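Welcome, and please open your viewer. We will go from one selection to the next, with a note on what to look for at each stop.

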Amino acid sequence: MSFMKKPTVRHPGLPRNDLGLTVRDYEGGMSTLCAGCGHDAITGAIVQAAHELSIPPHGFAKLSGIGCSSKTPAYFLGASHGFNSCHGRMPSVATGANAANRDLHYIGVSGDGDSLSIGFGQFAHAMRRNVNMLYLVENNGVYGLTKGQFSASADIGSTAKKGEENLQPPIDPCQAALTLGASFVARSFSGDKEQLVPLLKAGLQHRGFGMIDIISPCVTFNDHEGSTKSYSYSRQHFHKAISADFVPPSETIKAQYSEGASMPIELHDGSKIILRKVDGAYDPTDKAAAAIYLRERQSAGEITTGLLYINEAQQEMHDLAGSSDTPMNQIPYERLNPGSDMLKKIQSRMR
Amino acid sequence: MSTNKPSDNNFTIKIANVNGTGSASANGLLMKSLFRLGIPVVGKNYFPSNIQGLPTWYEIRASEKGYLSRSGRVDIMIAMNAETYQKDLQSVTPGGILIYDATWPRNKQLQRDDITVIGVPLSKMCNENFPSARARILMKNVVYVGVVAALLDIDLDVIRSLLNETFAKKVSLLDGNQLAIDLGYSYAKEHFSCPLPYTAKVIDRPGKGTDIMIDGNTAAGLGAVYAGATVCAWYPITPSTSLIEGYKKYCEVTRKDPDTGKNNYCIVQAEDELAAMGMVLGAGWNGARAFTSTSGPGVSLMSEFLGYGYFAEIPAVLFNVQRCGPSTGMPTRTQQSDILSSAYASHGDTRHVCLFPSDPEESFYMSANAFDLAEHLQTPILVLSDLDIGMNDWLSPELTWDESYQPDRGQVLTKEQLEEMSVFHRYVDRSGDGVAPRTLPGTHPRGAYFTRGSGHNMYGAYTEDANEYQQVVDRLMVKWNTAKGLVPKPITMGSGNAIGFVSIGSCDHAVREARDELAEAGISSDYMRVRAFPFSQDVQDFLDAHDKIYVVEQNRDSQLKSLMRLELDLDDRKTESILHYNGLPMTPGFVIDAVNADLARGEAA
């Protein structure tokens, strides 16, 4: 149960990060999800990524909507504030939270039902605003918490557990994100920690909206033959366009990459993502090309993974709004109060 | 004065225009010139939900006693819209005057013997004097201001100085406007017996020179600036949009950081009202003073998050500038029909603190107060004004700001406080007032908790345990009772009379004027204006102290009375509703007629 405390016993040999904290300091409560749920693997990857970045745990705020995926913020970063909002409404809460304090790292966790159906409007507009946050779509193609209805990401022809066939086209969060203005678009698989952890780290350090679509099989309702979001289907049909390594600023100098095959992209804090193109023609800084590539691979029955698009130059919400560097919630009242003389002056024009 | 003849400084002018023809500035000029003479005025705009081409009316009431409700009469009608001419002619009070554009022949079928009709060739005069097509249309409006100035003997120097101020930066327009005033003024002087038996006279009274003309939305937006609100999320909807515009306008003037030029405020235009409310909760949760502004349809959409804010206990301020419902209703007409839907917005046992300002002045102070209450009580506060208050131009005493004011941020634990605690639990009420200390994200790892709209116990953890759940919702009622002592008390007038009026919000001026008139006719009464929900004991005491209660409100379903019946001990046998709900602001005459009819029924029985 999420309110159950994990034992605080620590192995003395656990590695410590720059803050002297172990991975246990980034964990949360016990998961209540089904054994083998892809979401739990993602939770583990978030814990690892946060620990490796050496961000203090209370420097994060984690937010979610409603659904199985949205329960997971209770299972990681127990020393961070969490906000389990209404169904499909996490993007607006995250936008407001970010408006109030631009200094925290925001992790939004959502699912395919939460983001692509009830919350599609909010999902779209948070991207359009380029809210500075990491947004995860834990995508299993199914409504798990209400026992197995199709979601909007279910593929045509995929079947439900009881055999019913989905006839409607799927919404691809990555293609939507490219169109709607996200400045960081990636896809991964819950079972591929090696790919996922660097993407999470890069997404957290990226300034702007980082969307990662994470195919995360539902072991209870969508892991059968006929599902296109099962473990076996995902392993067979994934196509890595690009693999990413994340290099924090302190290690940039010693990072090993050969200029020809790799593509280093520097993030705002000085850290780098080293991209190794699996497909030589792929350019993750070219939005139009990325969109075409995604569609082509989709037609070929492949699910493209990796960092699909990044634009470090795109301004995030506060840049666009001209907000002060001091977070709104930390500006002292003395600087917010125009004073009684100003009130007199304002009213002199009302006579 | 609602039943009397017009007299010096007591009259109503109504102007019938086509919207999109530039009449607003001319009408504002006319109103402001009366205001500058010291006469209390109110300007009410009856406008269509449209941008160009539909009928619109502006009504200016001058009242030496300072009554600012709709008078219900028309002493001077300026009929500029051929389409509504028949209706406008009919609406003139017997003995009144109708001014029309005599460039074209008037429909002779439409006659009234009990009014004076004045024809002024407005179009012809403008065509002869102004070269551009645009000026010819715009200046017709200014010419009729000149005509009225002659009829009411308005000091032309006052108009001249207003024009000088308005066009200080556009001197090219000054001459044209001045010419138009002179054209109208001279024509009236030459062709009609000017001035009328009643005129606009300079008066001296307390407040002259310091009073202002302001609309409630501007005042509320300004209040949010002074309260220190930094995050504003909103979605455009009539009649609340100008509240956000007011906030933005004064932020641009006062909230640019002098060193960096950056904004000490963040306004987000949301994709819809659901998102707007979500953003406000996100920001309030994160420790910024945050608000939104909307109207009935928006409150319907925001209800989901209002319930969340109530249950998870997050400060938020929502301005509901009410308009005519149900559904889309009449977006540009006024009503007080969201009282119940605001008080209990959202599913489950949910209830919200509501404030009810009656005019722009109170909108300003209640706006600031709402942020203190929201953070003190850790809950959404709904400020219910309406289109009449929010969008019309009211005479108002000068607004002041107490320099010693410090925002009440409520119980928020600091890093140092958390450092000293061994453990923090979000919903443990130590003070007994139903409010538990909260923490802000980023303060300290020990302050972390998981905010949720799902069932939780006093420690903030998820629960489906019967007792744990009930403990939390029972504490919310303790908090509710605390709120009763913190919200603005009702304002009462008079004492010891058998009859008591109860009203709310923008009914105030009409009820006060009706009371004065009834008193002159020998019917004395007491009066209480409710200013907040939950009701304090004073409201119950007033109900108990009267043999006859008239609850006056602007909706069909007696929503204030219903709320009092639900929350207080209200005796239906002695309580009568006076309900005005056609979308126009209520008049004192309406209240008087209703009381007289009720008293007559009582005598007949």
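## Stop 1: where the chains meet

Select chains A and B together: 60 residues of chain B are in contact with 51 residues of chain A, contact meaning that C-beta atoms placed from the backbone lie within 7 Å. This is a predicted model, in which local features need pLDDT of at least 70 and side-chain atom pairs count only at pLDDT 80 or more, while totals for chains, interfaces and linings use all residues. Residues are numbered from 1 along each chain as its sequence is written, and chains are lettered from A and ligands numbered from 1 in the order in which they are written.

Now colour the chain B side by element. Those giving two or more residues to it include helix H7 (216-227), helix H8 (241-254) and strand E15 (450-452) of chain B; helices (H or I, at least four residues) and strands (E, at least two) are DSSP runs numbered from the N terminus. Which helix gives the largest share? It is H9(B), with nine residues. By class, this side of chain B has 33 nonpolar, 18 polar and nine charged residues. Here Ala, Val, Leu, Ile, Met, Phe, Trp, Tyr, Cys and Pro count as nonpolar, Asp, Glu, Lys and Arg as charged, and the others, Gly among them, as polar.

## Stop 2: a helix pair in chain B

Select residues 273-285 (H9) and 296-312 (H10) of chain B. Their axes come within 8 Å and cross at roughly 30°; axes are lines fitted to C-alpha atoms over the stretch in contact, with angles from 0 to 180 degrees between N-to-C directions. H9(B) is therefore roughly parallel to H10(B), a label for angles under 35 degrees. Show side chains for the contact, among them B:Leu274, B:Met277 and B:Leu281 of H9(B) and B:Leu301, B:Phe305 and B:Tyr308 of H10(B). The residues of this contact divide into eight nonpolar, three polar and two charged.

## Stop 3: a helix pair in chain A

Move to residues 173-180 (H6) and 287-299 (H9) of chain A, whose axes come within 10 Å and cross at roughly 160°. That makes H6(A) roughly antiparallel to H9(A), the label for angles over 145 degrees. A:Cys174, A:Gln175 and A:Leu178 of H6(A) meet A:Lys287, A:Ala290, A:Ala291 and A:Leu294 of H9(A).

## Stop 4: chain B as a whole

Zoom out to chain B, with its 19 helices and 21 strands. Its C-alpha trace spans about 90 × 70 × 40 Å along its principal axes.

Technical notes
Parallel < 35°, antiparallel > 145°, perpendicular 65-115°, else oblique. Contact = placed C-beta atoms within 7 Å.
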